[in-house]
Amino acid sequence: MDVVPVARKPEVFVRAVTPEEGRRLQKITRTSKQPVRMRRTIVVMASAQRQPVLAIARLMQISEAYARQVIHEFNERGSKHWTRYGAGAGRRRWIGRRVNASPAAAPATWVVLFSTWSLSKLREVLRVNTIAEISREPCARS
């Protein structure tokens, strides 16, 4: 019986980081208040220092698959891909224009069983009463 060696997954590392990207990544680690952005940046910086994915995953308490995904995305798009996750882009607006029909009255006047409004509740009440159809898709900035 032949013994077949178990193959390890090949190591994945980020491509060479330009000095400008390095400065940008360092700035993110110092100033970011967004945990996801910070975690992604640390994964990239650790990979740039040639730390293996397994070590990064254990250090950051994330899955190896997530660490590999972050590294692959950085290799494909560079540091500009952080904005894809809302970093620096501001909060998404679910309703582009304010609905003037927003109820000033309490939800009880609309015969609904809750005490406060949320956007999803308002959307549903407006849809059921055929006042307005509001999409859940984020609106483009105007």
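Modeller: Helices (H or I, at least four residues) and strands (E, at least two) are DSSP runs, numbered from the N terminus. This is a predicted model, in which local features need pLDDT of at least 70, side-chain atom pairs count only at pLDDT 80 or more, and totals for chains, interfaces and linings use all residues. Residues are numbered from 1 along each chain as its sequence is written, and side-chain values use heavy atoms, with hydrogens and water left out.

Biologist: Which residues make the contact between H1 and H2?

Modeller: Contact means heavy atoms within 4.5 Å. H1 contributes Leu 25, Gln 26, Ile 28 and Thr 29, while H2 contributes Arg 37, Met 38, Thr 41, Ile 42, Val 44 and Met 45.

Biologist: Why does Ala 57 count as buried?

Modeller: Buried means under 20% relative accessible area, exposed over 50%, partly exposed in between (1.4 Å probe, protein chains only). Ala 57 has 5% relative accessibility, so it counts as buried. This residue lies in helix H3. Apart from neighbours within four places in sequence, Ala 57 is in contact with Ile 62, Ser 63 and Glu 64. Its C-alpha atom is separated by 8.3 Å from that of Val 43, 14 residues apart along the chain.

Biologist: What puts the buried residues of H3 on the same side?

Modeller: In H3 (residues 53-60), the buried residues are Val 53, Ile 56, Ala 57 and Met 60. They cover an arc of only 100° around the axis, and therefore sit on the same side of H3. The arc is that of the directions from the helix axis to the C-beta atoms. Arg 58 and Leu 59 are exposed on the other side of H3. The buried residues of H3 pack against H2 (35-48) and H4 (64-77).

Biologist: How do you know that the buried residues of H5 line one face?

Modeller: Leu 122, Val 125 and Leu 126 are buried in H5 (residues 119-128). Their directions fall within an arc of 95° when seen down the axis, so these residues line one face of the helix. Just after H5, Thr 130 has a positive phi of about 50°.

Biologist: Is Gln 61 buried or exposed?

Modeller: Gln 61 has 75% relative accessibility, so it counts as exposed. Its place is in the loop between H3 and H4. Gln 61 is not a glycine, although its phi is positive, at about 55°. Arg 50, in the loop between H2 and H3, also has a positive phi, near 65°.

Biologist: Where is confidence lowest and where is it highest among the helices?

Modeller: pLDDT is the predictor's confidence in each residue, from 0 to 100. Confidence is lowest in H5, at a mean of 76, and highest in H3, at 93. For the protein, the mean pLDDT is 75, and 61% of residues reach 70 or more. Over residues 92-102, pLDDT stays under 50, and the model has 20 contacts beyond four places in sequence for them.
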